[in-house]
Amino acid sequence: MGDADAQHETSSEMLAPGTKKTKVTRSKNGCLVCRSRRVKCDTGKPECERCIKYGAECVYPERKTFDSQEVAEKLHKRHHSSPLAESFASAQSRPRSEIQLQLQPEPSPTPRSVPSSASHHSHPSHMAHQSHHGTPTNDAPLQKIRAMDPFDLLMALCRDTRMGQFFSGPVDPPEFLKEAFPVADDLRCFHHCFTYTLSTFVVHEDPNPWLDHVIPLLLFASGDTPLCTGALRLALLAVGAVHLASLEDKGSAPDTHGHTCRLGISYRNEAIRLLRMAQHVPVELRSDTFLAASMMVMGADLLGAQPRWREALRLAHASVRFRGGCDAILFGDRGPEPPLPLRVCLIEFLVLVDLLASMTTGDPCVVITESSDWWEKLQSQDSSGLDSVESSTGYHRSIVKLTVRANNILFEACLRSKYITPPSPSSTPTHRPELPQRIIKLCTDLEAWRRDVLPTITDKRTRDGSLALWVGVQIMVHRELLGRRREEEVVQKYAVEALDICADVGPKVEYMNWPLLIACTVLYAPSQRQRAREIIKSFIYQCAYELYVVEKVSEECWRRMDEGMDDEACMWREILIEIGSAVMLG
């Protein structure tokens, strides 16, 4: 076992064995100039040595603590149209001790300790919000404050705490959360998930559907689905722990010597255990909470490069299948009303995860197919704003459907190519045209998309993401369907274009890994390979463990190409299996 393997042996389930990781030396206590440059700061006061050397203005960020005034201002902004806004404004003159909130600790999410359903059918304020010093009977404004769930205060506090602010101005967990999460590790992972990790699930952070629609499933649980509610809580903790562990490994958070990594694995495995139990209870399996918990586990598996990701995806598939499919979940009981935003968020993320899984394994997409019409029905009618898929993934809705179609044709072509004796015509479904015709139609539609649809996309991140995915699909089509060789000019042209897009995409690099990896698998020139390495390194700052797998697969692919191995041996699917890192890339 090499040194790199031994160093990360404790996190082998989260990070592929033998994966090489780039050490980031940025200090969490450094000045803003050093942080922005991602370099080590000596934290000298009043000025660090680097700023003195270069004549820069050395400024250290102030560390934020929980401030009731700040909470009130943020709540006023969020609830400006609500009568509660006046209550918060009028309560600020009172001593802080009078508005201290108390929250009972969340019980362990197991079947034996889940509270009875009767206790959950009341208003969300059922969790004993009381002052330490009692409440005057005529104190109506203060009672309104206490009537709000403390988690709602947390969400208001964290709404402005984005990825960049994690380093420039860390926010400590509010005091009242310590009673909700008496275990320090739970509090740390929960707070990190809310204030940082969930911002990496979307490319446009305002609004964030995971905060606005998914989290309330946990905060305001009805009590009807205790198993999957417990699974959702654990999955959120897993997401926060996995992401925090990756920051520790990069030197961007205090090092716990693998403890946070082990926590993430433990949270994740316990969440899966509860979902296994919940799938046998119809009311649990058909709930939105079950699907949300499954998707949150998938998010943790993506961030953590978890090799056992397939079970969580199968559980999500089972829930959708039990409920009659995506169309029934979204529109079945809504009539003329639009689908619930919560369900739109979950189904669209499931479509994305299913596509990523299919591209990783070569299997067909099953959540959405060429004939699915419900996908287009989700298209926003407001042309002035971003569509929900654009806001979350940075992909145009049409390119997602086109990529699914290309992936399924690639699967069928690959399946047929494995036969030594070609299959008989009777094995082809009569309602589907012959494969060559569908390939020609796919190529025509891909060219039409770039000509007709791409110019209509005004948002830069959506344009970059959609075009990068389109380029990646073109490389796959030319290589695997049209039989083009890697070194041919058209293939190399697409690869260079993908690198150009990835280099210029900006700080929100979520879901750009696939176009980058596809381009890497056809690069021959040493200069282009070095450029790809630099792009991967720049992505590592914004991503978690999954980027290390992309880096390792790319290097192994180049090694095999240089040795003259055949095309199949140089594909990421083959490499992932043979290097023992059968993770989902995304």
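Trainee: Hi! How many aromatic pairs are there in this protein?
Mentor: The count comes to eight aromatic pairs. Keep in mind that this is a predicted model.

Trainee: Okay, can you walk me through one? What kind of pair do F201 and W210 make?
Mentor: Their ring centres are 5.3 Å apart and the planes meet at 75°, so F201 and W210 are an edge-to-face pair. The angle has to be over 60 degrees for that label.

Trainee: And are those two buried or exposed? I mean F201 and W210.
Mentor: F201 is buried, at 5% relative accessibility. W210 is buried too, with 2%. The cut-off for buried is under 20%.

Trainee: What about Y545 and Y548, what kind of pair is that?
Mentor: That one is tilted: Y545 and Y548 are 6.4 Å apart centre to centre, with 55° between the planes. Both of these tyrosines are buried.

Trainee: Nice. Switching to charges over rings: which ring does K45 sit over?
Mentor: The charged end of K45 sits over the ring of Y60, 4.6 Å from the ring centre. Another case is R397, which lies over the face of W375 at 4.6 Å from the centre of that ring.

Trainee: Let's zoom out. How many helices and strands does the protein have?
Mentor: There are 28 helices and zero strands.

Trainee: And how much of the protein is buried?
Mentor: Of its 586 residues, 54% count as buried. As for contacts between residues at least 6 apart in sequence, 72% of them join residues at least 24 apart.

Trainee: Can you show me a helix that's well inside? Why is α25 called largely enclosed?
Mentor: Helix α25 covers residues 513–520, and eight of its eight residues are buried, so the rest of the structure largely encloses this helix. Among those buried residues are W514, P515 and L516.

Trainee: What do the buried residues of α25 pack against?
Mentor: They pack against α18 (341–361), α23 (460–481), α24 (489–503), α26 (526–540), α27 (546–563) and α28 (572–578).

Trainee: Now something on the outside. Is R451 buried or exposed?
Mentor: R451 has 55% relative accessibility, so this arginine counts as exposed. You'll find R451 in helix α22 (residues 435–453). The side chains of R451 and D452 are joined by a polar contact of 3.1 Å.

Trainee: Last one, about backbone angles. What is phi for H257?
Mentor: Phi of H257 is positive, about 60°, although H257 is not a glycine. That is worth a look because most residues other than glycine have a negative phi. H257 is located in the loop between α12 (226–249) and α13 (259–278), and with a relative accessible area of 66% H257 is exposed.

Trainee: And A305, what is its phi?
Mentor: A305 has a positive phi as well, near 50°. A305 is in the loop between α15 (288–304) and α16 (310–322).

Trainee: Is A305 buried or exposed?
Mentor: A305 is buried, with a relative accessible area of 1%.

Note on methods
Residues numbered from 1 in each chain as written. Predicted model: local features only at pLDDT ≥ 70, side-chain atom pairs only at ≥ 80, totals over all residues. Heavy atoms only, no water. Helix = DSSP H or I, 4+ residues; strand = E, 2+ residues; numbered from the N terminus. Buried < 20%, exposed > 50% of the residue type's maximum accessible area, 1.4 Å probe, protein only. Polar contact = N/O pair within 3.5 Å; in protein donor to acceptor, adjacent residues only side chain to side chain. Contact = heavy atoms within 4.5 Å. Phe/Tyr/Trp six-rings, centres within 6.5 Å; stacked < 30°, edge-to-face > 60°. Lys NZ or Arg CZ within 6 Å of the ring centre and 35° of its normal.
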